[in-house]
Amino acid sequence: MAKNAKVQKTNAVRLLDQKKVPYSLTEYEITDGQVDGITVAGKIGQPVESVYKTLMSTAGKGKFYVFVIPVAAELNLKAAAKAVGEKKIEMLPVKDLLPTTGYIRGGCSPLGMKKLFPTFIDESAKTIDHIFVSAGKIGMQICIQPADLAKIINAKFAAII
């Protein structure tokens with residue numbers, strides 16, 4: 001996988017470079033405002049099943065969890081709570097996303113957040129060679145092997161959709 005040297009580096013990209021993890025970057029057009037995951041999959045010419053979104057949840061003050069799931073899927077909050085060992089979790093309000101992670105909605109990467117939060121990748125990722133996740137800004141995706149992603153962010157695979 002070749003690296004694109006002309007791209008503005010995000011925290012996610014810097015982390016991968018620092019850890020010498022193989023990846024590639026794909027940019028897509030954002031001027032039309034269509035940046036939902038299913039549309040992004042089409043824009044980057046990839047099957048929807050290989051493009052994943054990063055979701056933040058909370059189980060109360062100071063308890064944050066990251067979930068990486070296919071863009072066409074919905075997070076099962078009960079399964080996610082069970083995976084993290086909490087009775088209940090809820091989605092982090094959008095207004096809290098930037099101060100908590102350093103990323104904005106639509107550009108939230110599981111890599112390079114302000115802190116390393118407990119992270120869970122849907123087990124469906126184990127069945128494919130490469131997945132695409134946000135590179136930390138709208139308009140850019142990282143292609144990475146799921147095992148490499150899990151290793152670098154200390155993530156676990158779980159049934160969460």
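Which residue just after α5 takes a positive phi? Select asparagine 154: its phi is about 60°. Before moving on, know that this is a predicted model, where local features need pLDDT of at least 70 and side-chain atom pairs count only at pLDDT 80 or more, while totals for chains, interfaces and linings use all residues. Numbering starts from 1 along each chain as its sequence is written, and side-chain values use heavy atoms, with hydrogens and water left out.

**Stop one: helix α5**

Now select residues 146-153, which form α5. Helices here are DSSP runs of H or I with at least four residues, strands are runs of E with at least two, and both are numbered from the N terminus. Colour Pro146, Leu149, Ala150, Ile152 and Ile153, the buried residues of this helix. Buried means under 20% relative accessible area, exposed over 50%, and partly exposed in between, using a 1.4 Å probe and protein chains only. What covers them? Look for α1 (11-18), β5 (119-122), β6 (131-134), β7 (140-144) and β8 (156-158), which are among the covering elements.

**Stop two: the whole chain**

Zoom out and you'll find five helices and eight strands. The radius of gyration, taken over C-alpha atoms, is 15 Å, close to the 15 Å that the globule rule gives for 161 residues, so the chain is as compact as a globular protein of that length. That rule is 2.2 Å times the number of residues to the power 0.38. Buried residues make up 46% of the chain.

**Stop three: lysine 53**

Next, click lysine 53, in strand β2. It counts as partly exposed because its relative accessibility is 27%. Leaving aside neighbours within four places in sequence, lysine 53 is in contact (heavy atoms within 4.5 Å) with Phe67, Val68, Ile69, Pro70, Val71 and Ala73.

**Stop four: the largest pocket**

Which element gives the largest share of the lining? Select β2, which gives five residues.
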